[in-house]
Amino acid sequence: MTDDRTGSADRFEQQRERIRARYLVPRAARPESSARGLHHTALVSSDVERTVEFYQGLLEFPLTEVIENRDYAGSSHFFFDIGNRNLLAFFDFPGLDLGPYREVLGGLHHVAISVEPARWNHLRDKLIDAGVELLEHNEVSLYFRDPDGARLELIADPLGEMYGSEVL
């Protein structure tokens with residue numbers, strides 16, 4: 001690394017350490033969360049059927065419901081089971097000229113979904129066979145994009161762990 005990049009890395013690590021020291025409460029002293037869990041994460045779909053074929057057909061997340069979006073007549077709100085009573089939801093907005101997916105401050109970077117290691121390997125093979133471009137990291141994470149460009153991660157680590165370390 002150049003001196004400039006090394007200095008930046010050191011500053012970023014100092015910032016993380018300051019935040020840990022100020023806000024991170026040890027597990028034994030950490031209060032219980034006020035939340036029950038993630039009910040659903042909602043993304044936008046440009047094509048309901050294509051989205052269902054990708055998430056149910058390719059990733060094997062069962063479609064659980066399709067209802068009308070209460071906020072936009074003609075729009076669908078549909079849900080996929082991603083395990084542990086969690087849902088991945090979508091809206092379509094027919095007639096609106098929405099632009100392509102973009103990462104913006106305050107926006108979505110990626111959705112990480114935990115799968116069993118054997119299922120991870122199975123889905124990896126299906127994604128490769130389908131021609132989906134993948135980035136594999138540490139033989140535990142697969143990063144790829146859905147048909148509308150949203151970035152997804154399939155991670156073989158159990159819920160509450162990240163690359164062998166407990167994060168919950």
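Let me begin with the rule for sheets, under which two strands pair if DSSP finds at least two bridges between them. Strands themselves are DSSP runs of E with at least two residues, helices are runs of H or I with at least four residues, and both are numbered from the N terminus. What you see is a predicted model, in which local features need pLDDT of at least 70 and side-chain atom pairs count only at pLDDT 80 or more, while totals for chains, interfaces and linings use all residues. Residues are numbered from 1 along each chain as its sequence is written, and side-chain values use heavy atoms, with hydrogens and water left out.

In the sheet, four strands run in the order 1-4-3-2, the sheet is open and the pairing is mixed. Strand 1 (40-45) and strand 2 (63-68) are the edge strands, each pairing on one side only. Strand 1 pairs with strand 4 in the parallel sense, over six bridges, and A42 has A89 in strand 4 as its bridge partner.

Now to the aromatic rings. A pair of aromatic rings is described by the distance of the centres and the angle of the planes. Rings of Phe, Tyr and Trp (for Trp, its six-membered ring) pair if their centres lie within 6.5 Å, and planes under 30 degrees apart count as stacked, over 60 as edge-to-face and the rest as tilted. The search of the whole structure gives 10 aromatic pairs. Y55 and F61 form a tilted one, with 6.5 Å from centre to centre and 35 degrees between the planes. The centres of F80 and F90 lie 5.8 Å apart with the planes at 85 degrees, so this pair is edge-to-face. F80 sits in strand 3 (residues 76-81) and F90 in strand 4 (residues 87-92), 10 residues apart.

Are F80 and F90 buried or exposed? With buried meaning under 20% relative accessible area, exposed over 50% and partly exposed in between (1.4 Å probe, protein chains only), F80 is buried at 0%, and F90 is likewise buried at 0%. Y55 is buried at 0% as well, and F61 counts as buried at 6%. Ring pairs also link F54, Y55, F61, F78, F80, F90 and F144 into a cluster.

Turning to charges, a salt bridge here is a side-chain nitrogen of Lys or Arg within 4 Å of a carboxyl oxygen of Asp or Glu, and the count by this rule is 10. R20 meets E13 at 3.1 Å, N to O, and R20 also meets E17, at 2.9 Å. E17 and R20 both belong to helix 1 (residues 3-23), three residues apart, about one turn of the helix. R20 is partly exposed at 33% relative accessibility, and E17 is partly exposed at 42%.

A further salt bridge, at 3.4 Å, joins E60 and R119. This pair links distant parts of the chain, with E60 in the loop between helix 2 (48-58) and strand 2, and R119 in helix 3 (residues 117-129), 59 residues apart. E60 is partly exposed at 28%, as is R119 at 40%.

Finally, M162, which lies in strand 9 (residues 161-162), is partly exposed, with 33% relative accessibility.
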